[in-house]
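Colleague: Hi! Could you walk me through this one?
Modeller: Happy to, let's have a look together.
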Amino acid sequence: MAGADGFVVLESWVTTRSYISGYGPSQADVASFKALPGPPKVEKYPHAWRWYKHIASYQSEFSSLPGDPSKAYTTYGPEKSEASLNPKDAPKVAADEGEEDDDLFGSEDESEDEEAKKKREENLAAYKKKKEGKTKPAAKSIVTLDVKPWDDETDMKKLEENLRTIEIDGLTWGASKLVPLAFGIKKLQINLVVEDEKVSIDDLQQQIESDEDHVQSTDVAAMQKL
């Protein structure tokens, strides 16, 4: 689809279509887009320019669009007989052969075009709504906290019970274990998963440390994005 001829064919094809094939962006659009030397001039090819700018907005999604990416752009679009590269080369229909048929079927063709256009717009609107409705999964982190008691006489079972009563939207407590420190003192090491936008680790540590009867301090031993 090189040079001005390619823009002429594209302009003719997308004048009544939003996409090269079907009712949504596909590999047909990707192949045709990549075959162009650059964007069409809006003043000469307004419909081709509109299509080009629209498909360009999907560049980050090209590989995931439906269709066969191995097909060349030449497998899509009009045949020579459907859209001539040069309109003056298009075959002419004799007036005495075409006028009567035009009168008989003109209104029906217009009705079909309107119906096809309406259907295409409805499908496009549904596609955009579906795309906008998709929400990215919440960013999460897995955290390992060290919770240190005051001494070897601290009730570690009670310490953990109090800790697990803390409930925050986006916080999930995980497995835990006691890890020896020194002089018979053991710290509680506990895993948890948090949604980054909902849970502040600093605030969580403050809540844990508010159990002053059992908790001396807390430290983040490890943190990793999921």
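Modeller: A nonpolar core is a set of buried Ala, Val, Leu, Ile, Met, Phe, Trp, Tyr and Cys residues joined through side-chain atoms within 4.5 Å; buried means under 20% relative accessible area, with a 1.4 Å probe and protein chains only. This is a predicted model, where local features need pLDDT of at least 70 and side-chain atom pairs count only at pLDDT 80 or more, while totals for chains, interfaces and linings use all residues. Residues are numbered from 1 along each chain as its sequence is written, and side-chain values use heavy atoms, leaving out hydrogens and water.
Colleague: Which residues have the most contacts inside the largest nonpolar core?
Modeller: Leu10, Ile20, Trp51 and Phe62, in a core of 21 residues. The elements giving two or more residues to this core are helices H1 (3–14), H2 (27–35) and H3 (46–56). Helices here are DSSP runs (H or I, at least four residues), and strands are too (E, at least two), numbered from the N terminus. Apart from that core lies another of 18 residues, including Trp173 and Leu188.
Colleague: New topic: which residues of helix H5 are buried?
Modeller: Met156, Leu159, Glu160 and Leu163. They sit on the same side of H5, because they cover an arc of only 95° around the axis, taken from the directions from the helix axis to the C-beta atoms.
Colleague: And what covers them?
Modeller: Strands S1 (140–149), S2 (171–182), S3 and S4 (215–225) are among what covers them, along with helix H6 (201–209).

Definitions and conventions
Buried means under 20% relative accessible area, exposed over 50%, partly exposed in between (1.4 Å probe, protein chains only). Contact means heavy atoms within 4.5 Å.
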